[in-house]
Amino acid sequence: MGADTAAARLTALSADRVDLRFKGLPPDADGLTVGELAAQRRNLFTDGFTTPVLALSAERLNHNLALMETYATRHHLAFAPHGKTSMAPQLFQRQIEHGAWGITLAVPHQVRVAREFGIDRIFLANELVDAPALRWIASELAADPDFRFVCYVDSVAGVELMDAALRGGTRPVDVVVELAAGEGARTGVRTEEECAAVADAVAGAATLRLAGVAGYEGEVPRADPERVRAWLRRLTSLAADFDKAGRFAALDEIVVSAGGSAWFDAVADVFAEIPELSLPVLKLLRSGAYVSHDDGHYRKLTPFTRVPEEGALHPAFRLWAQVVSRPSPGQAFVNAGKRDAAYDLDLPEAQVIRRDGTDRPATGVTVTGLSDQHGWLATTPEADVRVGDWLGMGLSHPCTSFDKWQLIPLVEADGTVVDYIRTFF
C-alpha cells in the first residue's frame, strides 16, 4: 500500500462523526467530526466531558515511544511492538515513526485492521490455520510486493492446513517455528526434535517458506532471570542448528524473535550472544505494553526496574470518575466500573481527587471492588471525599484498558485535549 493511501486513511479517522458510540465526550459535540472537536482543544475538566472518561497523557505517550526506540537502537534490535495492546492505527503509525520495523498482531482481524491503515510489515504471533484468512493473506501478498508477513507454525498438522489453504498463491508465506517456553506452557513446539519435524514439513510445502524461529519467554514456567535466559538460549541455538542444516539457504535474513513486556532485558542480552550465522539475523523484539505502560502489573514487572540506568517507562492512562455516593464515613462510590476499567489483573488505583480545579492526593481512598457501573471505595478518617468530586485512577494492564474505549482523549498536562485515539477491537 502506498504511503499516500495509508496517510489518507489515517486522516479519514478525523472525519468520523462524534456520536453515541463514544463515551465520555461532551454531549454538545455530537455531530462534530473528531477533527473538528480536536481543533477546539477543549479542556478535559472544564469543557463538557462527562464521567467516566479515560485520558491518555500526551507527554507520557511521547516519552514511552522515544524510550523504547532508544532502547531497541542501543541493543541493535529490530522492533515490532505488539499491536493487540492498543489496536489503534494512529499509535501504530507513531510506533513506525519511532523506528519500529513493523507491528506484531495475534489474530486475522487485527491483521486486516493494520493492513487497512498501511502497515507493510506484520508479524503474526500465532499459528494461522483459518482457511479464509489464509486466502486473504495470499491475496494481500499477491497484490502488494512490499507487504512482508511472517507467522508462527507449531505443528505438522498446522503446516498441512496452511498448505492446503494457500495452494494457488503467487508468493509463499514466511513462517517461523515457535519453540514452546516449556512443558505445559502455552503454544509452541515442545522439543527440538519436534521443531525439526515441523521445519521438514514446511520444506515440503511449496506454499510456505521457513524464515526463522520465535517464541514467547513470558510463558516460561516459574520465570526468573536464569530460567528465561536458559530458554532464550535454546531458541537461539535452534536458529543456529537450523542454519547449520541449511534450512535458511533461500533467505536474505534469518528471523529470531521473542520479547514480551516483562523480560525484554533478557532478550537483549541473549540476542547479543547470537553467533555469526550464514545470513544476517533480524533480531525482532515484540514488546507492546510499553506504549501506555500502567500503574499495576507492568509497573511491577517492567525490566527497567532491573536496569534503571536504561530509563523508565511512565504510566500514561488515567481513568476519571465522579463520586456519586458517600453513604457512610468508610465508604464511597464512583460511577466507573467493569465496563470502563481494566480489572483482570489488578483493581484500579485511586491516585488524585479533583475539586474546584485543584488536584490533591487521594489519601485514605482505596478501590476495593467494581460492579458493572460502580467503583467501590473504602475511605479512612483522613480521606476528604465528597459527592461530586472527580477521582483520577491509575489502571493495570494496558491491553484491557484500551479495549474498553473506542475513542480516547489524548490530553496534555494542563487538561487540554489535543487529539483522540481510535481503537478497533
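A pocket is taken here as an open set of points on a 1 Å grid over the protein atoms alone, with protein on both sides within 12 Å along at least five of seven lines, and its lining residues have an atom within 4 Å of a point. The structure is a predicted model, in which local features need pLDDT of at least 70 and side-chain atom pairs count only at pLDDT 80 or more, while totals for chains, interfaces and linings use all residues. Residues are numbered from 1 along each chain as its sequence is written, and side-chain values use heavy atoms, with hydrogens and water left out.

The second largest pocket is lined by 20 residues, and those nearest its centre are Ser-57, Arg-60, Arg-318, Glu-412 and Ala-413. Two or more lining residues come from each of strand S1 (53-57), H3, strand S10 (317-328) and strand S12 (349-355). Helices (H or I, at least four residues) and strands (E, at least two) are DSSP runs numbered from the N terminus. The volume of this second largest pocket is about 360 Å³, a volume being the space filled by probe spheres set on the grid points, which are joined across faces, edges and corners. Its lining divides into 10 nonpolar, 2 polar and 8 charged residues; Ala, Val, Leu, Ile, Met, Phe, Trp, Tyr, Cys and Pro count as nonpolar, Asp, Glu, Lys and Arg as charged, and the others, Gly among them, as polar.

The largest pocket has a volume of about 660 Å³. Of its 32 lining residues, His-82, Lys-84, Arg-186, Tyr-216 and Gly-260 lie nearest the centre. S4 and helix H11 (297-301) are the elements that give two or more residues to this lining, and H11 supplies the largest share, 3 residues. By class, the lining of the largest pocket holds 14 nonpolar, 12 polar and 6 charged residues.

Strand S4 (residues 121-127) also contains Glu-127. Not counting residues up to four places away in sequence, Glu-127 touches Tyr-152, Val-153, Asp-154, Ser-155, Gly-158 and Val-159, contact meaning heavy atoms within 4.5 Å. The Glu-127 side chain reaches the backbone nitrogen of Asp-154 at 2.7 Å, and one of its polar atoms lies 3.3 Å from the backbone nitrogen of Ser-155.

Helix H10 (residues 264-271) is largely enclosed by the rest of the structure, because 7 of its 8 residues are buried. Buried means under 20% relative accessible area, exposed over 50%, and partly exposed in between (1.4 Å probe, protein chains only). The cover over the buried residues of H10 includes helix H3 (58-74), helix H9 (225-244), strand S8 (254-258) and strand S9 (281-285).

Leu-13 sits in the loop between helix H1 (3-12) and helix H2 (34-39), and counts as buried because its relative accessibility is 16%. Beyond its neighbours within four places in sequence, Leu-13 is in contact with Val-34, Gln-90, Phe-117, Arg-422 and Phe-424. Leu-13 and Val-34 are 21 residues apart along the chain, with 7.5 Å between their C-alpha atoms.

Note on methods. Polar contact = N/O pair within 3.5 Å; in protein donor to acceptor, adjacent residues only side chain to side chain. 1 Å grid on protein atoms, 1.4 Å probe; cavity = no way out; pocket = protein on both sides within 12 Å on 5 of 7 lines; lining within 4 Å.
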